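Here is a short briefing on a protein model. Please look over the structure first, then read the points below.

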Amino acid sequence: MAVGSRKRVVVVGLGMVGISFIEKLLKLDARAREYDITVIGDEPHLAYNRVGLTSFFEHRKVENLYLNPREWYEGVADGALGYHLNTKVTDIHPATKKVSCADGREVSYDILVLATGSDAVLPRHTPGHDADGVFVYRTVEDLINLIAFSAHQKDTIGAVVGGGLLGLEAAKAMMDLECFSKVAVIERNRWVLSRQLDADAGGMVVEQVRSLGVDVLLGKRVGKIDVNEQNGVKGVHFEDGEYMPCSTICFAIGVRPRDELARRAGIKCADRGGGIIVDDSLRTSEPDIYAIGECASWQGQTFGLIAPGVEMADVLSFNLTQASLHQPRLYKRPDLSTKLKLLGVEVASFGDFFADRDGPKYLPARAKKETNGGGKPSAVKALTNGLPPAPVKALTYKDPFTNVYKKYIFTMDGKYLLGGMMIGDTKDYVKLVPLVKNQKQLDIPPSELILGAKKEGGDDGDDLDDDTQICSCHNVTKKDVVSVVKEGTCKSLGEIKSCTKAGTGCGGCMPLVTSIFNKTMKDMGNEVKNNLCPHFQYSRADLYNIIMVKRLKTLPGVMKEAGADPTSLGCEVCKPTLGSIFASLWNKHVMDRTTHGLQDTNDRFLGNIQRNGTYSVIPRVAGGEITPEKLVVIGEVAREYNLYTKITGGQRIDMFGAKKQDLLDIWKKLVDAGMESGHAYAKSLRTVKSCVGTTWCRYGIGDSVGMAVRLEERYKSIRAPHKIKGGVSGCVRECAEAQNKDFGLIASEKGFNIFVGGNGGAKPRHSELLAKDVAPTEVIPILDRYLMFYIRTADKLQRTARWLEGLPGGISYLREVILDDKLGINASLEAQMQELVDSYFDEWAEAINNPSIAAKFRQFANTTETLETMELEQDRGQTRPVMWTASAPAFDFKGLRTRWSSTTWQPVLEASYFSGADDLPNGLSAAIKRGDTQLAVWRIRGRYFATQQMCPHKRAFVLSDGLIGEDPPSPSPSGVDSCASNPNGKSTPWISCPNHKRNFDLKDGDCKNDSDLSIATFEVEERDDGLVYAKLPPVEELDAELGTSRWIVKKGEAGPGAFDELDKKINFKGQRAKKPGVRPHTENAMRKPVQLMAAGGGCGSVPDW
């Protein structure tokens, strides 16, 4: 259709429902092109995933929440979509078909779609509701404000009012901030999730939430918010007279439809509960104006879930584009089923889940006839005897040991499933929802729906009908997923998400989507592979076995034998993986000439690289046991080299700020004192934490320190797919926290209980019991087999927790392999571990005594001069680097090549430095000092490259220490020479910054994974005089643009300190001490605490020790 004749659709609101409507309308109108769409959003952001809002606390990047990138909006063909952000629509003029905006513009429409959503409810009748520290949980701005405020509320109490879905999400978010000493959920009902669950199920959720450290207060109503003189939150007065101190309150007590725009325009809205009244076609009272989503009131109901809104978007987009060809769709009773994971607890409710309490809202036609057969009781009987029980039967399963609860509600004859709820085990949710929606008669006894859910193994969705809804957020069916795979449109999960939108809402459907994708690919004869990276058609476990069996020991050897391109340089993914495999098989020094170029950031110089390019130094303290003499040496070294010191969580001492050129001297002093590498830099055993056990503790029943020392001494330095942590507790009091480690032992009267597969970190997991009451002499063989089996079979960078979760059969299978020798490999596993143990050497002692390794510990290859790379400051009596700036500099480093006034060839280094570089996996690199500027030079397979040394992402001078990579060759069209642009047949290699893996092309300076960044590059060549020359501008000009003094991160650039406001508030001066003259034995008055205790309801619960 011609541009001038197209209808103008204006959408007010760029939320999840608004963008869903736009996507569907664009898709359905792609051929006819009847409409041009303009969307007006009042938030400054593009449409984002409000269901996944809590994940913002992890990454703090709103772009990660975007449902579509900005390029999608700008790439819509033929001008079919225009958008305005941060623009508030103030008025609708139905007579002239225009909307007015706050910025003065007017937008004309032919069809107006209101998708304004809803606002979080704030109880404005509650005194103190406007205090500083009161928040709601609705938008990205709400979260940003909560994060900023919470940063200054360390060790205070945070409160969430409302124990519904949003309230528990808010509680998790406040816990993730790690600012509050306690987070409390205040719920007015007797259990949480009272709109989705009954008392039994809600009570189980309360128990689990409390076990996670959240305080849940039930039957509480906020009467008043207590504030200080600055109107800041001090606490909460409840209506029952009790009081709770807190600094932060987040209200999550519901939402209110945003219908004020419609009301001002005279469009009919619901009096009770609000909302824009719509009919079954989603039309409002005004012609050509529609409402969808949370702002719409359909049959007196508004819906605070995304699924009903997406269904509205489906109906309206269909009717606008297909009504002339097909009977218009009517909006029908929406599915209010929900399946979420809240604070780690799986929760689901579906269908008419309160039918046993409130009576069934809808019954299948046949069941309705049978139910009505008995007739209704007379009015007199109803008054005297009460209403009869609901004509339904409920089947309930409750397992308090595994925290599983299921209640399924059926018609009286058990032939129809009406609804239900689940806690803990929600695997069958996706199968049960269609039974309810389709009112399908059951062909099995009701009990099988629960008993059948106990089967083990994966679920590939093979028993689901094609029209089964897989993703409720975006109404994606199994057929939608299968079709795009079979058509060849989508060949990866990322493409599935982009094409169908499945998994882009709450994300809860992704396991099933993945299973269906894998099953469909397999049915088509396409193998679903877990390849290491584009350079290998093998997984990490496959490569491990190939390398072990064929005894491969170099990158070229592995590439030739198993690589996609036999001559490839690899990349920052496969190189460290191969380096780890080589170390776990052959145990050569990681800084050996043939393996050094494979090592990732920390292994390259045997220390964790820090923000300012310095390194940490952590000697091993086996089992946390150390002598006073060694403590003295550590203190002397830290003082001599001005190192920041801190006790680690693994019971050892960390020294930060060691310069690369000082590492050898520092470690020589430590090695001479009898200490050795702690391998804190390696993907290997870190520590085996212990309590004092029988060594000192009166409760100890096992020598936890002795066992921890033996385990740490045995497994130290052994490389693995990821870091390994252990723990040994001397009794069931579990002071060493052994049950959240990769392996952990707890002493029992009969030996040790061995736990495996646990970890803390970003995704904590409780370990599982592998073996019980194991004699101390049998502990080592069992752990040898377990660790070696993990090293052989795990994926790259996979912790034991995730490995065990993905192991077919889980802990049961692992027991069969490790304890029962099901695979017949235990002898091999033990022998391999013993070889590794016997081949141990201290990496730092070897580095000190090996001249070729020691020579690498220099800041610059062309001078002994040094430069500071970041300003330092004093903090709590120690020196540390200043804070990084929030964003990278907006500077075109790549463009410097065309802006230099002049360039000349200048010698920078002797060519002999690069001797043998062409045979090494990473070539050879050198950091060069030129005036005040730091440069990086590489020789890689006969080619030289030169760039600035500074990675612009965080202004860190580290590029010469990064990994070299290159893209695999792409298939060329028939008859086209893919090597025409490069006679060597290779793409230009790139350098991966060791800090955050920004990959820069060594020829043109472009960043391959962050388009906002670039680096300056220079021509470089080797000449017959034995020198390497670089084409550089005059030193003064070079320093002016790239000088260290210009780009070094300086104090104050990051803005105010994170604790400035808090320090003012609490008058923080540093370490507290008694003032001179204060009598140390004077008793506290204890008047006010007792008064407040009496007012607050007593001293609370005292633990029974």
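Lys689 sits in strand S31, which spans residues 685-690. The model is a predicted one. The points below cover this lysine, a surface patch and the nonpolar cores.

**Lys689**
- Is Lys689 buried or exposed? Its relative accessibility is 14%, so Lys689 counts as buried, the cut-off for buried being under 20%.
- The side chain of Lys689 makes a polar contact of 2.9 Å with the side chain of Glu737.
- Glu737 is also listed among the residues in contact with Lys689, once neighbours within four places in sequence are set aside.
- That list also includes Gly649, Gln651 and Ala708. Gly726, Gly727, Val728, Ala736 and Lys741 belong to it too.

**Surface patch**
- Which residues form a nonpolar patch on the surface? They are Met1086, Val1090 and Met1093.
- Together these residues have about 260 Å² of accessible area.
- Met1093 belongs to helix H33, residues 1088-1096.
- Met1093 has 36% relative accessibility, so it counts as partly exposed. That class lies between the 20% and 50% cut-offs.

**Nonpolar cores**
- The largest nonpolar core has 105 residues.
- Phe21, Ile22, Ile92, Leu114, Val205 and Ile292 have the most contacts inside it.
- A second, separate core has 61 residues, among them Tyr544, Phe582, Ile724 and Leu814.

How values were computed. Residues numbered from 1 in each chain as written. Predicted model: local features only at pLDDT ≥ 70, side-chain atom pairs only at ≥ 80, totals over all residues. Heavy atoms only, no water. Helix = DSSP H or I, 4+ residues; strand = E, 2+ residues; numbered from the N terminus. Buried < 20%, exposed > 50% of the residue type's maximum accessible area, 1.4 Å probe, protein only. Polar contact = N/O pair within 3.5 Å; in protein donor to acceptor, adjacent residues only side chain to side chain. Contact = heavy atoms within 4.5 Å. Patch = residues over 30% accessible without salt bridge, like charges linked within 9 Å, V, L, I, M, F, W, Y side chains within 5 Å. Areas by Shrake-Rupley, 256 points an atom, 1.4 Å probe, with all protein chains shown as cover. Salt bridge = Lys/Arg side-chain N within 4 Å of Asp/Glu carboxyl O. Core = buried A, V, L, I, M, F, W, Y, C linked by side-chain atoms within 4.5 Å.
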